[in-house]
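Please keep the sequence and the structure in view while reading.

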Amino acid sequence: MIRNIIFDLDGTITDSQKGIVNGVKHTVSEMNLELDPKLYTEFIGPPLEESFSKFTNLEGDAVTDAVATFRSYYLEKGWLEMNLYDGIEDTLRNLKQEGYDLYIATSKLYSSAKRILGRYELLDYFTYIAGATYDSSRVIKADVIAYLLEREGLDTEESIMVGDRANDIEGALENSLKAVGVSYGYGHDEEFKNAIAVVDSPAELYSFFKNLSDKRVNKYD
(Lines give C-alpha, C1' and ligand atoms only; values in the text may rest on other atoms or scores of the structure.)
Protein backbone atom coordinates (compact mmCIF):
# COMPACT_ATOMS: atom_id res chain seq x y z
CA MET A 1 0.00 0.00 0.00
CA ILE A 2 1.28 3.44 -0.90
CA ARG A 3 1.98 5.61 2.14
CA ASN A 4 4.59 8.07 0.85
CA ILE A 5 4.15 10.45 -2.09
CA ILE A 6 7.29 12.13 -3.42
CA PHE A 7 6.65 15.30 -5.41
CA ASP A 8 8.75 17.09 -7.98
CA LEU A 9 8.58 20.88 -7.57
CA ASP A 10 8.91 22.80 -10.88
CA GLY A 11 6.10 21.88 -13.26
CA THR A 12 4.32 19.79 -10.63
CA ILE A 13 3.61 22.10 -7.70
CA THR A 14 4.80 25.43 -9.10
CA ASP A 15 4.29 26.90 -12.55
CA SER A 16 7.83 28.25 -12.72
CA GLN A 17 8.16 28.90 -16.43
CA LYS A 18 8.60 32.67 -16.27
CA GLY A 19 11.42 32.68 -13.72
CA ILE A 20 13.36 29.84 -15.33
CA VAL A 21 12.97 31.18 -18.86
CA ASN A 22 14.08 34.63 -17.72
CA GLY A 23 17.07 33.04 -16.01
CA VAL A 24 18.01 31.26 -19.23
CA LYS A 25 17.58 34.49 -21.21
CA HIS A 26 19.84 36.27 -18.73
CA THR A 27 22.49 33.59 -19.06
CA VAL A 28 22.33 33.60 -22.86
CA SER A 29 22.74 37.37 -22.89
CA GLU A 30 25.54 37.52 -20.32
CA MET A 31 27.55 34.70 -21.90
CA ASN A 32 26.75 35.45 -25.56
CA LEU A 33 25.37 31.96 -26.11
CA GLU A 34 23.55 30.65 -29.16
CA LEU A 35 20.34 29.00 -28.02
CA ASP A 36 17.03 28.63 -29.84
CA PRO A 37 14.34 30.35 -27.71
CA LYS A 38 12.07 27.38 -28.41
CA LEU A 39 14.34 25.37 -26.12
CA TYR A 40 14.07 27.68 -23.11
CA THR A 41 11.23 25.70 -21.52
CA GLU A 42 13.31 22.51 -21.79
CA PHE A 43 15.31 23.87 -18.85
CA ILE A 44 12.29 23.42 -16.56
CA GLY A 45 12.83 20.27 -14.53
CA PRO A 46 16.16 18.67 -15.50
CA PRO A 47 19.41 19.70 -13.79
CA LEU A 48 20.84 22.94 -15.18
CA GLU A 49 24.19 21.28 -15.85
CA GLU A 50 22.48 18.69 -18.02
CA SER A 51 20.46 21.28 -19.95
CA PHE A 52 23.31 23.68 -20.64
CA SER A 53 25.48 20.78 -21.81
CA LYS A 54 22.74 19.38 -24.02
CA PHE A 55 21.41 22.54 -25.65
CA THR A 56 24.56 24.68 -25.99
CA ASN A 57 28.14 23.95 -27.02
CA LEU A 58 29.42 24.52 -23.49
CA GLU A 59 31.67 22.04 -21.73
CA GLY A 60 33.48 21.72 -18.40
CA ASP A 61 34.05 24.96 -16.53
CA ALA A 62 31.90 26.87 -19.02
CA VAL A 63 28.90 24.82 -17.92
CA THR A 64 29.69 25.65 -14.31
CA ASP A 65 29.88 29.34 -15.23
CA ALA A 66 26.51 29.15 -17.01
CA VAL A 67 24.87 27.56 -13.98
CA ALA A 68 26.35 30.24 -11.71
CA THR A 69 25.13 32.98 -14.05
CA PHE A 70 21.64 31.49 -14.12
CA ARG A 71 21.55 31.21 -10.34
CA SER A 72 22.67 34.82 -9.88
CA TYR A 73 19.47 35.88 -11.64
CA TYR A 74 17.23 33.18 -10.22
CA LEU A 75 18.19 33.66 -6.58
CA GLU A 76 17.50 37.39 -6.85
CA LYS A 77 14.46 37.55 -9.13
CA GLY A 78 13.54 34.27 -10.78
CA TRP A 79 12.27 32.48 -7.69
CA LEU A 80 9.59 35.15 -7.36
CA GLU A 81 8.44 34.78 -10.97
CA MET A 82 6.15 31.80 -10.52
CA ASN A 83 2.72 30.72 -9.30
CA LEU A 84 1.15 27.66 -7.75
CA TYR A 85 -0.90 25.48 -10.06
CA ASP A 86 -4.62 25.93 -9.49
CA GLY A 87 -5.83 23.40 -6.95
CA ILE A 88 -2.42 22.08 -5.89
CA GLU A 89 -2.64 23.35 -2.31
CA ASP A 90 -6.06 21.72 -1.92
CA THR A 91 -4.59 18.49 -3.26
CA LEU A 92 -1.68 18.58 -0.80
CA ARG A 93 -4.00 19.36 2.10
CA ASN A 94 -6.42 16.59 1.16
CA LEU A 95 -3.66 14.02 0.68
CA LYS A 96 -2.32 14.82 4.16
CA GLN A 97 -5.82 14.35 5.53
CA GLU A 98 -5.98 10.96 3.79
CA GLY A 99 -2.93 9.96 5.84
CA TYR A 100 -0.22 10.13 3.18
CA ASP A 101 3.25 11.40 4.06
CA LEU A 102 4.42 13.92 1.47
CA TYR A 103 7.99 14.65 0.35
CA ILE A 104 9.82 16.81 -2.19
CA ALA A 105 12.59 15.57 -4.51
CA THR A 106 13.87 18.34 -6.77
CA SER A 107 16.94 19.12 -8.83
CA LYS A 108 16.56 22.70 -7.62
CA LEU A 109 18.85 23.79 -4.79
CA TYR A 110 17.49 22.73 -1.40
CA SER A 111 17.68 26.32 -0.16
CA SER A 112 15.67 27.59 -3.14
CA ALA A 113 13.06 24.86 -2.83
CA LYS A 114 12.57 25.59 0.87
CA ARG A 115 12.30 29.33 0.23
CA ILE A 116 9.72 28.84 -2.52
CA LEU A 117 7.59 26.46 -0.45
CA GLY A 118 7.84 28.83 2.49
CA ARG A 119 6.70 31.75 0.37
CA TYR A 120 3.50 29.86 -0.47
CA GLU A 121 3.12 28.53 3.09
CA LEU A 122 3.39 24.91 1.96
CA LEU A 123 6.26 23.74 4.16
CA ASP A 124 4.02 22.14 6.77
CA TYR A 125 2.61 19.72 4.20
CA PHE A 126 5.98 18.03 3.65
CA THR A 127 7.82 15.66 5.95
CA TYR A 128 11.14 16.33 4.24
CA ILE A 129 12.52 18.32 1.29
CA ALA A 130 15.36 16.76 -0.71
CA GLY A 131 17.13 19.00 -3.19
CA ALA A 132 20.34 19.55 -5.07
CA THR A 133 23.57 20.57 -3.39
CA TYR A 134 25.25 23.85 -4.35
CA ASP A 135 28.43 22.02 -5.44
CA SER A 136 26.34 19.82 -7.79
CA SER A 137 27.49 16.63 -6.05
CA ARG A 138 23.80 15.74 -5.83
CA VAL A 139 21.70 17.16 -8.64
CA ILE A 140 20.47 14.32 -10.91
CA LYS A 141 16.89 13.43 -9.98
CA ALA A 142 17.67 9.74 -9.43
CA ASP A 143 20.39 10.73 -6.93
CA VAL A 144 18.07 13.14 -5.12
CA ILE A 145 15.42 10.43 -4.83
CA ALA A 146 18.00 7.90 -3.61
CA TYR A 147 19.18 10.36 -0.96
CA LEU A 148 15.61 10.96 0.19
CA LEU A 149 14.79 7.26 0.40
CA GLU A 150 17.91 6.52 2.43
CA ARG A 151 17.67 9.53 4.73
CA GLU A 152 14.03 8.98 5.58
CA GLY A 153 14.17 5.18 5.53
CA LEU A 154 11.31 4.95 3.05
CA ASP A 155 10.13 1.58 1.80
CA THR A 156 10.09 1.59 -2.02
CA GLU A 157 6.98 -0.61 -2.01
CA GLU A 158 5.15 2.06 -0.02
CA SER A 159 6.43 5.08 -1.97
CA ILE A 160 5.67 6.67 -5.33
CA MET A 161 7.00 9.61 -7.38
CA VAL A 162 4.91 12.36 -8.97
CA GLY A 163 6.43 14.58 -11.65
CA ASP A 164 6.11 16.20 -15.05
CA ARG A 165 9.36 15.29 -16.81
CA ALA A 166 11.18 12.16 -17.93
CA ASN A 167 13.86 12.65 -15.28
CA ASP A 168 11.14 12.28 -12.61
CA ILE A 169 9.76 9.08 -14.12
CA GLU A 170 13.11 7.51 -14.96
CA GLY A 171 14.65 8.66 -11.68
CA ALA A 172 11.88 6.85 -9.85
CA LEU A 173 12.38 3.67 -11.86
CA GLU A 174 16.12 3.72 -11.12
CA ASN A 175 15.16 3.62 -7.45
CA SER A 176 12.58 0.84 -7.86
CA LEU A 177 9.67 3.25 -7.48
CA LYS A 178 6.51 3.58 -9.52
CA ALA A 179 5.71 7.03 -10.89
CA VAL A 180 2.72 9.13 -11.86
CA GLY A 181 3.08 11.74 -14.58
CA VAL A 182 1.32 15.11 -14.53
CA SER A 183 0.47 16.41 -17.99
CA TYR A 184 -0.28 19.95 -16.79
CA GLY A 185 3.47 20.57 -16.39
CA TYR A 186 6.15 20.76 -19.09
CA GLY A 187 6.67 17.15 -20.15
CA HIS A 188 5.80 15.62 -23.49
CA ASP A 189 3.68 12.48 -23.90
CA GLU A 190 6.76 10.39 -24.68
CA GLU A 191 8.23 11.28 -21.30
CA PHE A 192 5.38 9.48 -19.51
CA LYS A 193 5.72 6.14 -21.29
CA ASN A 194 6.97 4.40 -18.12
CA ALA A 195 4.52 6.05 -15.71
CA ILE A 196 1.75 3.91 -14.25
CA ALA A 197 -0.71 6.76 -14.78
CA VAL A 198 -0.89 10.28 -16.17
CA VAL A 199 -3.19 12.92 -14.66
CA ASP A 200 -4.29 16.20 -16.20
CA SER A 201 -4.80 18.39 -13.12
CA PRO A 202 -4.03 18.59 -9.39
CA ALA A 203 -7.65 17.66 -8.68
CA GLU A 204 -7.28 14.52 -10.78
CA LEU A 205 -4.06 13.71 -8.94
CA TYR A 206 -5.91 13.82 -5.64
CA SER A 207 -8.66 11.59 -7.04
CA PHE A 208 -6.06 9.05 -8.15
CA PHE A 209 -4.60 8.73 -4.66
CA LYS A 210 -7.99 8.97 -2.95
CA ASN A 211 -8.99 5.91 -4.95
CA LEU A 212 -5.91 4.05 -3.70
CA SER A 213 -6.62 5.16 -0.14
CA ASP A 214 -10.23 4.00 -0.31
CA LYS A 215 -9.24 0.57 -1.59
CA ARG A 216 -6.51 0.27 1.08
CA VAL A 217 -4.41 -1.61 -1.46
CA ASN A 218 -2.25 -0.53 -4.34
CA LYS A 219 -3.94 -1.99 -7.38
CA TYR A 220 -0.65 -1.75 -9.31
CA ASP A 221 1.20 -4.17 -7.00
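## The largest cavity

Which residues lie nearest the centre of the largest cavity? Of the 20 residues that line it, Asp-10, Leu-48, Phe-70, Ser-107 and Lys-108 lie nearest its centre, a lining residue being one with an atom within 4 Å of a cavity point, and a cavity a set of points on a 1 Å grid over the protein atoms alone where a 1.4 Å probe fits but cannot get out. The elements giving two or more residues to this lining are α2, α3 (61–74) and β4 (101–109), and β4 gives the most, with four residues.

The largest cavity holds about 240 Å³ of space, where volume is the space filled by probe spheres set on the points, which are joined across faces, edges and corners.

## Basis of the values

The model is predicted, so local features need pLDDT of at least 70 and side-chain atom pairs count only at pLDDT 80 or more, whereas totals for chains, interfaces and linings use all residues. Residues are numbered from 1 along each chain as its sequence is written, and side-chain values use heavy atoms, with hydrogens and water left out.

## Glu-49

Glu-49 is found in helix α2 (residues 48–55), helices being DSSP runs of H or I with at least four residues and strands runs of E with at least two, numbered from the N terminus. Leaving aside neighbours within four places in sequence, Glu-49 is in contact (heavy atoms within 4.5 Å) with Val-63, Val-67, Arg-71, Ser-136 and Val-139.

## Helix α7

The helix α7 spans residues 166–174, and Ser-176, which follows α7, has a positive phi near 65°.

Terms used:
1 Å grid on protein atoms, 1.4 Å probe; cavity = no way out; pocket = protein on both sides within 12 Å on 5 of 7 lines; lining within 4 Å. Buried < 20%, exposed > 50% of the residue type's maximum accessible area, 1.4 Å probe, protein only.
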